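Hello,

Here is the structure I promised to pass on to you. Please have a look at it first, and then read my notes below.

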Amino acid sequence: MTEEALATWLYAVTAARDESAAPPGLTGVADEPVRLVTSAGLAAVVGSVPLADFGEERLRAHLEDLPWLERAARAHHRVIGRAAGYGQVIPLRFATLYHDDGRVRTMLQERRDDFTASLARVAGRTEWGVKAYVDPRAFLPDPDDEGPSGGDSPGTAYLLRRRAQRDDKETAHLRATERAEEIHSALAALAAETAAHPPQDARLAAYEGWMVLNNSYLVPDDRTEEFTAAVTGLGERYPGVDLELSGPWPPYSFTAPPEREEAS
């Protein structure tokens, strides 16, 4: 019987340890057992996936299948999260595939300096996410009691109202952005590094109003309590802003993964 062709799916890189020390009972995107491949003082957290289902063409089709993609992405990040419980990790992006374990070992050897520097950079630090939402109406300027001049024609009055509405919206956005910058400055002072992300699509993230902050903070572990308390305090200080704290996370925003190799 011909053996099934396999590729190696990478989840994360960490400092080397005994290959038998992979998180017990953990499975990955193909329900495959997760294991370690070690070389050059590093360990790759990997799983063997069937090329029949994860080869280039098949994987491309999967990536357009939203239910499949959601399940696989959850499994990918679950493995990274569990691996992080055993020591600091460098998360690798979804669908990082290599032909076999030998190629993974070669990659670890070639990228040893990069990975070692990244692990040192995030050692003793954890990623936290902070989002800020506002209701635009809370940042509108005070209403103009006089409004458009009563002597204006209906057409002119309409144009003046439209211009005033546009100006008010711009003013509200400027005020909300300034408030977000104040919040970010206070949190950045407690972090080793920060990373800014674009606002999420309101339709996908299911929020109302404006997202004016979507940042990640690499926080020293001995400042975790201070940082989380600061988020709470800033929410109380600025009641017009709804702050959302998430984490702790592996350092997704502060490590650079290697380029993907096709597994065909």
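Let me start with a question: over how many bridges do strand E5 and strand E7 pair? Strand E5 (residues 125–134) and strand E7 (residues 210–220) pair over 10 bridges, in the antiparallel sense. One thing to keep in mind throughout is that this is a predicted model, where local features need pLDDT of at least 70 and side-chain atom pairs count only at pLDDT 80 or more, while totals for chains, interfaces and linings use all residues. Residues are numbered from 1 along each chain as its sequence is written, and side-chain values use heavy atoms, with hydrogens and water left out.

A word on terms before the sheets. Helices (H or I, at least four residues) and strands (E, at least two) are DSSP runs, numbered from the N terminus. Two strands pair if DSSP finds at least two bridges between them. Axes are lines fitted to C-alpha atoms, for helices over the stretch in contact (heavy atoms within 4.5 Å), and angles run from 0 to 180 degrees between N-to-C directions.

**The sheet with E5 and E7**

E5 and E7 belong to an open sheet of four strands in the order E6-E7-E5-E8, with antiparallel pairing. Strand E6 (193–196) and strand E8 (241–249) are the edge strands, and each pairs on one side only. On average, neighbouring strands of this sheet are turned by 20 degrees against each other, direction ignored. Helix H8 (residues 224–237) lies across E5, E7 and E8, and runs at about 165 degrees to E8.

**The sheet with E1 and E3**

Four strands form an open sheet in the order E2-E3-E1-E4, and the pairing is antiparallel. Here the edges are strand E2 (35–39) and strand E4 (89–98), each of which pairs on one side only. The twist averages 25 degrees from one strand to the next. Strand E1 (residues 6–15) and strand E3 (residues 42–50) pair in the antiparallel sense over nine bridges, and Val13 stands opposite Ala44 in E3. Helix H3 (residues 66–84) lies across E1, E3 and E4, at about 140 degrees to E4.

**Aromatic rings**

Rings of Phe, Tyr and Trp (its six-membered ring) pair if their centres lie within 6.5 Å; planes under 30 degrees apart count as stacked, over 60 as edge-to-face and the rest as tilted. By this rule there are seven aromatic pairs. The ring centres of Trp9 and Phe54 are 5.6 Å apart and the planes stand at 80 degrees, so this pair is edge-to-face. Trp9 lies in strand E1 and Phe54 in helix H1 (residues 51–54), so the pair ties together parts that are 45 residues apart in sequence. Trp9 and Phe54 are both buried (under 20% relative accessible area; exposed is over 50%, partly exposed in between, with a 1.4 Å probe and protein chains only).

Trp9 also pairs with Phe94: the centres are 5.1 Å apart and the planes at 75 degrees, so this pair is edge-to-face as well. Phe94 is in strand E4, 85 residues from Trp9. Trp9 has a relative accessible area of 0%, whereas Phe94 is partly exposed at 22%. Trp9, Tyr11, Phe54, Trp68 and Phe94 form one aromatic cluster.

**Confidence**

The average pLDDT (the predictor's confidence in each residue, from 0 to 100) is 86, and 82% of the residues score at least 70. Over residues 260–264 the pLDDT is below 50, and this stretch has 18 contacts in the model beyond near neighbours in sequence. Where pLDDT is low, the predicted coordinates should not be read in detail.

Best wishes
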